[in-house]
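Reader: I'm new to protein structures and would like to learn how to read one. Could we go through one together?

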Amino acid sequence: MKNIYKNSAQNFNKAKKNLVKNNIIAVPTETVYGLAGNAYSNISVKKIYKLKKRPSKNPLIIHYYNLRSLKKDAYTKHEFMKLYNKFSPGPLTYILKKKKKSKISLLANSNLKTIAVRFPKNKIIRKLLKNLNFPLAIPSANLSSAVSPVSSNDVLDEFGNKIKFILDGGRSRIGLESTVINLNKKIQILRPGAISSKDISKVLKKKVSFLKKTNKLISPGLSKRHYSPGIPIKLNCTRMDDKAALIVFGKKYKSSKNIFNLSKNGNIKEAARNLYKTLRKIKNLGFKKINVVKIPNNKIGIAINDRLRKAAY
Ligand code: TXA
Ligand code: MG
């Protein structure tokens with residue numbers, strides 16, 4: 001399809017060339033698809049904010065191939081090293097203190113003293129990072145506050161012809177954005193994801209909890225409304241509204257045109273992988289509202305419920 005490029009050797013080189021020329025391309029990651037640009041270039045970063053219609057005070061995550069490339073830009077501390085050794089590459093984003101000498105565009109981190117960094121695991125994006133001599137700023141490839149894309153077609157659905165190059169990597173394996181952990185000053189989870197607070201607490205040998213109230217200074221991007229398909233959503237439903245699309249989880253629900261099961265087997269990882277796909281589908285089918293049954297609030301279910309709450313806000 002138009003603008004979507006299979007991951008062949010030739011297309012990989014095209015992707016690379018686009019990035020070197022400060023163009024923005026869409027790329028697969030194991031969490032969600034992202035819009036990638038040279039994190040050292042003001043030109044690239046400006047383009048990203050413009051495409052996403054993202055407020056400039058909401059900083060981007062900088063994606064690296066390895067530790068060596070990160071060390072030019074951020075201070076690595078003890079807790080970071082412990083988590084890095086366990087979880088990276090993977091769906092964990094660290095907030096670290098930025099080095100003064102760092103070449104990261106000041107726009108990319110909204111001129112903060114910190115930067116968010118991640119080492120993605122998806123093979124395609126890792127190979128790109130390995131072959132570039134700059135890190136990539138990669139926010140999720142959706143318009144600001146909309147549902148994140150988990151396939152190349154979703155990116156097309158979101159941006160149409162505005163993104164000329166979408167590198168295809170199939171469905172995102174996890175389907176929800178990375179866990180974000182603040183390691184600068186107080187250690188706190190700012191955004192839940194596939195790696196849970198329990199997983200993290202175990203490695204750090206201390207309890208790490210969620211940031212309770214949204215503190216604009218700590219994470220400017222954690223606005224209350226986000227991941228929204230643009231129609232009203234009601235959570236923890238036991239009875240169904242007339243004409244609503246119903247999102248369910250588990251065996252006990254029968255199939256019907258307006259029932260969307262996140263996982264018939266009651267598998268919470270599968271539910272996470274299907275969440276954004278389902279929200280996008282329901283919206284595109286023209287439903288005017290969504291009802292969601294109670295989704296188990298453990299493991300990645302915590303992240304599912306976090307996204308649903310924000311989508312419903
Ligand atoms: O899984 C992911 O992390 C995906 C894929 C594409 O890698 N990316 C992603 O990026 O979700 P984005 O831009 O949609 O979300 C970045 C989040 C926002 O909530 C932002 O506010 C927060 O990270 N963030 C970025 N820099 C920060 C900083 N210096 N301090 C606190 N929060 C920061
Ligand atoms: Mg996002």
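Reader: Where is the place of proline 89?

Author: Bear in mind that we're looking at a predicted model. Proline 89 sits in the loop between α4 (78-87) and β5 (92-97). A cis peptide bond joins serine 88 and proline 89, with omega at about -5 degrees.

Reader: What about backbone angles, then? Which value does phi of asparagine 111 come near?

Author: Phi of asparagine 111 is near 60 degrees, a positive value in a residue other than glycine. You'll find asparagine 111 in the loop between β5 and β6. Asparagine 236 also has a positive phi, about 50 degrees, although it is not a glycine; that residue lies in the loop between β11 (233-234) and β12 (245-248). For a glycine, look just after α6: glycine 160 takes a positive phi of about 55 degrees.

Reader: Okay, next topic: buried or exposed, how does asparagine 111 count?

Author: Go by relative accessibility: buried means under 20%, exposed over 50%. At 56%, asparagine 111 therefore counts as exposed. Lysine 288 has 64% relative accessibility, so lysine 288 counts as exposed too.

Reader: Which residues is serine 151 in contact with, leaving aside its neighbours within four places in sequence?

Author: Those are Tyr33, Gly170, Arg171 and Lys277. Serine 151 itself belongs to the loop between β7 and α6.

Reader: And why is helix α6 described as largely enclosed by the rest of the structure?

Author: Because 6 of the 8 residues of α6 (residues 152-159) are buried. They are Ser152, Asp154, Val155, Leu156, Glu158 and Phe159. Their packing partners are β1 (4-5), β2, β3 (34-38), α2 (42-52), β8 and α8.

Reader: How do I read the start of a helix? Which residue caps the N-terminal end of α5?

Author: Look for a side chain that reaches a backbone nitrogen. Here asparagine 122 does the capping: one of its side-chain oxygens lies 2.8 Å from the backbone nitrogen of isoleucine 124. Asparagine 122 is in the loop between β6 (114-118) and α5, and at 14% relative accessibility this residue counts as buried. Beyond its neighbours within four places in sequence, asparagine 122 touches Pro28, Thr29 and Glu30.

Reader: Now for pairs of helices. At roughly what angle do the axes of α1 and α5 cross?

Author: The axes of α1 (residues 9-20) and α5 (residues 123-130) cross at roughly 55 degrees and come within 11 Å. That makes α1 oblique to α5. As for handedness, α1 passes α5 in a right-handed crossing.

Reader: Which residues of α1 and α5 meet there?

Author: An α-helix has 3.6 residues a turn, so residues three or four places apart point the same way. In this structure, Phe12, Ala15, Lys16 and Leu19 of α1 meet Ile124, Lys127 and Leu128 of α5. Sorted by class, this contact has 5 nonpolar, no polar and 2 charged residues.

Reader: Which residues of α5 are buried?

Author: Ile124, Ile125, Arg126, Leu128 and Leu129. The buried residues of α5 pack against α1, as well as β2 (25-27), β4 (61-63), β7 (136-137) and β8 (166-167).

Reader: Last one, back to lysine 288: in which loop does lysine 288 lie?

Author: The one between α8 (268-284) and β14 (290-292). A polar atom of the lysine 288 side chain lies 3.3 Å from the backbone oxygen of glycine 286. Leaving aside neighbours within four places in sequence, lysine 288 is in contact with Ile231 and Pro232.

Definitions and conventions. Residues are numbered from 1 along each chain as its sequence is written. Chains are lettered from A and ligands numbered from 1 in the order in which they are written. This is a predicted model: local features need pLDDT of at least 70, side-chain atom pairs count only at pLDDT 80 or more; totals for chains, interfaces and linings use all residues. Side-chain values use heavy atoms; hydrogens and water are left out. Axes are lines fitted to C-alpha atoms, for helices over the stretch in contact, and angles run from 0 to 180 degrees between N-to-C directions. Helices (H or I, at least four residues) and strands (E, at least two) are DSSP runs, numbered from the N terminus. Angles under 35 degrees count as roughly parallel, over 145 as roughly antiparallel, 65 to 115 as roughly perpendicular and the rest as oblique. A crossing is left-handed if the near helix is turned anticlockwise from the far one by less than a right angle, and right-handed if clockwise. Contact means heavy atoms within 4.5 Å. Ala, Val, Leu, Ile, Met, Phe, Trp, Tyr, Cys and Pro count as nonpolar, Asp, Glu, Lys and Arg as charged, and the others, Gly among them, as polar. Buried means under 20% relative accessible area, exposed over 50%, partly exposed in between (1.4 Å probe, protein chains only). A polar contact is a pair of N or O atoms within 3.5 Å; within protein, one must be able to donate a hydrogen and the other to accept it, and residues adjacent in sequence count only if both atoms are side-chain atoms.
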